[in-house]
Amino acid sequence: MVWTNSKDTALRERAQAVIPNGMYGHQSVFMLPDDFPQFFSRGQGAYMWDVDGNRYLDFLCGYGPNLFGYAHADIDKAYSDRTAQGDTLTGPGAEMVELAEAMVGLVSHADWAMFCKNGTDATTMAMMIARNHTKKNTIVLAKGAYHGAAPWCTPLKGGVTAADRAHQVFYEYNDVESLEAAVREAGSDLAAIFASPIKHDTFVDQELPNPAYARRARELCDEHGALLIVDDVRAGLRLARDSSWSLVGVKPDLSSWGKAIANGHPISALLGAEAFRMAAATIYVTGSFWFSAAPMAAALATLKLVRETDYLERTIALGERLRAGLDESAARHGFGLRQTGPAQIPLIMFEDDPDAAKAYAWNNALIRRGVYMHPWHNMFICAAMTEADIDFALNVADDAFKTVREAGPLEPVAKLAILHAMVDA
Ligand code: PMP
């Protein structure tokens, strides 16, 4: 099929009239290479189709929720069966208790669970519980880490007051000295240290946590009576069948979850240790849709697959196959790649590409050939992918490298300069 985007273009034009700037947040494709579609009609397994009917092998996985494949039969049956019985009722279903039991059973640091809708709900609750427990204010966070889009953490400054950002001190991820300095600056007011399980910031190489850094964060919290919060919204269930920091032997006090826990159905969670149960019980947090039963049923079906299948080992093996194949192909065409982070959470950027022009040109070529990747955000391998899918991606990638090589010198990406200016403003 020939790649076209006439329907997408028409929808974008209509969106301009009725949606601010045509789209917002991470769906603002003005940040992405020009040919990226904005509107999609369906997903199945590892693939999705845009409104023009173009099929993509999707390495964004909905920015994380797609763990077992789109339209997964068992998960979506659990969801639709419960929807047929009633979803958002005046109170929750038995699924809420079953899901809390399932999550506490899976995540070794957790003794209790609370459910909400978005990752931002969970990270915000974590901050509130830490402050409620300690009766202190200051949170220490890694510079550049994403924890959501509420005024206390959203990356742009529009609509945000200085008061919204009060009581925050920043450190460099993996840098023990800078963490210690931030804790010193917080002084006697330290409520919590936030950490992403891995450094998965945009535009920069990913980093695995240095165990010494993770252990020091734990020690500092213990010394100061502060809470260690691991934000597992993005990486949760993709690194371990437990808290991601179980891999470095460090137990957080609280952990935030979302994205993959119901394979795309809307639910997030905050998990905590015994000592913080009362602090969690005495903040007021809620939402009209937080108790809906169908996403909880979907989460239970997802967690069953987490416990009973080899999804994790398979996604790691597929990620390694992709990484090795891309390195080999890029080198053949005279490019060096920066492939960082865990293989199943790949981030792919180019060496000698300060303004991301190569990355944009390559991703644009991938899109037109049916592979959806991202020039500066980490991606995901889903368990519905097969070796044949990875090999398809490698063939497409090889052709795309050739296209970029033959195109010769590239123009800087103007829209990216605009984006950076917005973040820095
Ligand atoms: N924390 C992390 C690490 C995330 O990746 C995200 C979402 N990208 C969030 C929090 C916020 O989650 P949500 O978009 O569901 O509010």
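Mentor: The chain is divided into domain 1 (6–70 + 310–424) and domain 2 (88–291), with bounds that come from an automatic or database domain assignment. This is a predicted model, in which local features need pLDDT of at least 70 and side-chain atom pairs count only at pLDDT 80 or more, while totals for chains, interfaces and linings use all residues. Residues are numbered from 1 along each chain as its sequence is written, and side-chain values use heavy atoms, with hydrogens and water left out.

The C-alpha centres of domain 1 and domain 2 lie 28 Å apart. The contact (heavy atoms within 4.5 Å) takes 31 residues from domain 1 and 21 residues from domain 2. The size of an interface is often given as the accessible area lost when the parts come together. Here domain 1 and domain 2 bury about 2,300 Å² between them, with 57% of it on carbon and sulfur atoms; buried area is the accessible area (1.4 Å probe) that two parts lose on being put together, summed over both.

Across this interface the rule finds two salt bridges, a salt bridge being a side-chain nitrogen of Lys or Arg within 4 Å of a carboxyl oxygen of Asp or Glu. It also finds 15 residue pairs in polar contact across the interface of domain 1 and domain 2, both residues being at pLDDT 80 or more. A polar contact is a pair of N or O atoms within 3.5 Å; within protein, one must be able to donate a hydrogen and the other to accept it, and residues adjacent in sequence count only if both atoms are side-chain atoms. On the side of domain 1 that touches domain 2, the elements giving two or more residues are α9 (311–332), β11 (337–340), β12 (347–350) and α12 (414–424). The largest share of that side, five residues, comes from α12. Helices (H or I, at least four residues) and strands (E, at least two) are DSSP runs, numbered from the N terminus.

Arg234 lies in the loop between β8 (227–231) and β9 (254–257). Arg234 is buried yet has no salt bridge, and the nearest side chain of opposite charge, Asp201, is 6.5 Å away. Buried means under 20% relative accessible area, exposed over 50%, and partly exposed in between (1.4 Å probe, protein chains only). For charge, Lys and Arg count as positive and Asp and Glu as negative; His and the chain ends are not counted. The side chain of Arg234 reaches the backbone oxygen of His200 at 2.8 Å, and it makes a polar contact with the side chain of Asn378 at 2.6 Å. Leaving aside neighbours within four places in sequence, the residues in contact with Arg234 are Tyr146, His200, Lys259, His377, Asn378 and Phe380.

Over the whole structure, a search finds 23 salt bridges. In one of them, the side chains of Arg368 and Asp35 meet at 2.5 Å, N to O. This pair links distant parts of the chain, 333 residues apart: Arg368 is in helix α10 (residues 357–368) and Asp35 in the loop between α1 (6–18) and β1 (40–44). Arg368 counts as partly exposed, at 46% relative accessibility, whereas Asp35 counts as buried, at 15%.
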